[in-house]
Amino acid sequence: GLSRPGAGAAGAGVRLRSGNALTCREKEMPMLKKRLFVLLAAWAVFLTACSGLAMSDPAPAVGGSLPEPLEAKVFVKPEYEILPFTSGSQIRAEDETVVAHCSYQVILLGLQNEEDVSPEAAEAAARNVAVFNEKMRTVHTELAEQGTVFGEDAVAVYEEFGSLAAEYEDDADIGADFCGDIVSAVLRRSSYTGGAHPNRYAASYLFDLTAGQFIDPTQVADDPEAFRTGASDLLLEKAAAHRDQEAFWQDYASILSRWNEGTVRFDSEGMWVIYSPYELGPYAIGDVELVLSWEELEPLIGPGGMAKLGRGITE
């Protein structure tokens, strides 16, 4: 009777110990699973990183060569061009008779090699083109407006005198030379309203591509005032030797001293100072054009000015 309960107690003890062992394992399994999950996640991250490295940054093969570097684009100096802009008209009276002709040609500035210059140079060139062309369009507008008045006068004269009235003509033309960083443009205009001859006059426009503005002729020199006075002396010598010197106005020396206020043109020969009829003498002597060669100009303009004009050392 005593052995059975003891056996039972022993059996119960075994079951108790067995129950305690199962409980410990159940506590350890979640921790093991968590550690395994962390290890697997870390391994996955490592494989992903290695895969990205292999795809984006392949190591050069042993003994291979690196790809050739791209050559830097070489920019060049802006190259400008002259673009003529012409307009014209015929003015008719009420009976359809042509009483006047008008023809006006100005010039516009353009850039030939925009794709080959640096962005900064392209921006500066665009400003040059805009400023120069605005001036030329203003000149053209003024000519056209004067042409309208010119035509109205022609119609009025025709209505009064009929076929005895002369056919009016008004023509203006602007040409230009590139001299280094200077655009030298000259307008020549001829207007005929009857009589023995047309009236003519010239005007000049000097544009500095470096400064981006129109300038006085003396501003091309290192010392503008020294250039003005020195050129005045040389022009006076040229005028004294001119074939029509005796017909010049008595104050022609004073007129020559202000040469920079008149019509000035730079070209391959040097500097021309142009006097239209009546400016330096009577109409009969025509235009008077005095030229100073580059050799004569060099000591007056100075090295900086000569370089600006594209001459450097006189050739």
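User: Two strands count as paired where DSSP finds at least two bridges between them. With that in mind, which residue takes a positive phi in the hairpin of strand 4 and strand 5?

Analyst: The model is a predicted one. Strand 4 (residues 182–192) and strand 5 (residues 199–208) are joined by 10 bridges in the antiparallel sense, and Ser191 has Asn199 in strand 5 as its bridge partner. Six residues lie between the two strands of this hairpin, and the residue there that takes a positive phi, near 105 degrees, is Gly194.

User: In the hairpin of strand 5 and strand 6, what value does the positive phi of Gly212 come near?

Analyst: Strand 5 continues its pairing with strand 6 (residues 213–215), in the antiparallel sense and over three bridges, and Leu206 has Ile215 in strand 6 as its bridge partner. The hairpin of strand 5 and strand 6 has four residues between the strands, and the positive phi of Gly212 is near 75 degrees.

User: Is Arg188 buried, partly exposed or exposed?

Analyst: Leaving aside residues up to four places away in sequence, Arg188 touches Asp171, Ala172, Asp173, Tyr201, Ala202, Ile274 and Glu289. Buried requires a relative accessible area under 20% and exposed one over 50%. Because the relative accessible area of Arg188 is 35%, the residue is partly exposed.

User: Which residue of strand 2 stands opposite Phe85?

Analyst: Strand 2 (residues 98–111) is mostly covered, with 10 of its 14 residues buried. Strand 1 (residues 80–92) pairs with strand 2 in the antiparallel sense over 13 bridges, and their hairpin, with five residues between the strands, includes Glu96 at a positive phi near 75 degrees. Across this pairing, the residue of strand 2 opposite Phe85 is Val106.

User: What is the handedness of the β-α-β crossover from strand 2 to strand 3?

Analyst: Strand 2 and strand 3 (residues 168–179) run parallel and are joined by six bridges, with Asp171 in strand 3 as the bridge partner of Ser103. The chain passes from strand 2 through helix 2 (residues 119–161) to strand 3, and this crossover is left-handed.

User: Which element contributes the largest share of the lining of the largest pocket?

Analyst: The largest pocket has a volume of about 240 Å³. Its lining consists of Lys77, Pro78, Tyr80, Ala121, Ala124, Ala125, Asn128, Phe178, Gly180, Asp181, Leu209 and Thr210. The largest share of that lining, four residues, comes from helix 2.

User: How far apart are the end C-alpha atoms of helix 3?

Analyst: In helix 3, the residues Phe227, Gly230, Ala231, Ser232, Leu234, Leu235 and Ala239 are buried, and the buried residues pack against helix 4 (252–257), strand 8 (270–275), strand 9 (288–293) and helix 5 (294–308). Helix 3 has 17 residues (224–240), so at 1.5 Å a residue it should span 24 Å, and in agreement with this its end C-alpha atoms lie apart by 24 Å.

User: What percentage of the contacts in the protein chain with a separation of 6 or more is between residues 24 or more positions apart?

Analyst: The protein chain has five helices and nine strands, which follow one another along the sequence in the pattern α-β-β-α-β-β-β-β-α-α-β-β-β-α. Of the 315 residues in the protein chain, 32% are buried. Among the contacts with a separation of 6 or more, the percentage that residues 24 or more positions apart account for is 61%.

Conventions
Residues are numbered from 1 along each chain as its sequence is written. This is a predicted model: local features need pLDDT of at least 70, side-chain atom pairs count only at pLDDT 80 or more; totals for chains, interfaces and linings use all residues. Side-chain values use heavy atoms; hydrogens and water are left out. The expected span of a helix is 1.5 Å times one less than its number of residues. Buried means under 20% relative accessible area, exposed over 50%, partly exposed in between (1.4 Å probe, protein chains only). Contact means heavy atoms within 4.5 Å. A crossover is right-handed if, with the strands pointing away from the viewer, the path from the first strand over the helix to the second runs clockwise. On a 1 Å grid over the protein atoms alone, a cavity is a set of points where a 1.4 Å probe fits but cannot get out, and a pocket is an open set with protein on both sides within 12 Å along at least five of seven lines; lining residues have an atom within 4 Å of a point. Grid points are joined across faces, edges and corners, and a volume is the space filled by probe spheres set on the points.
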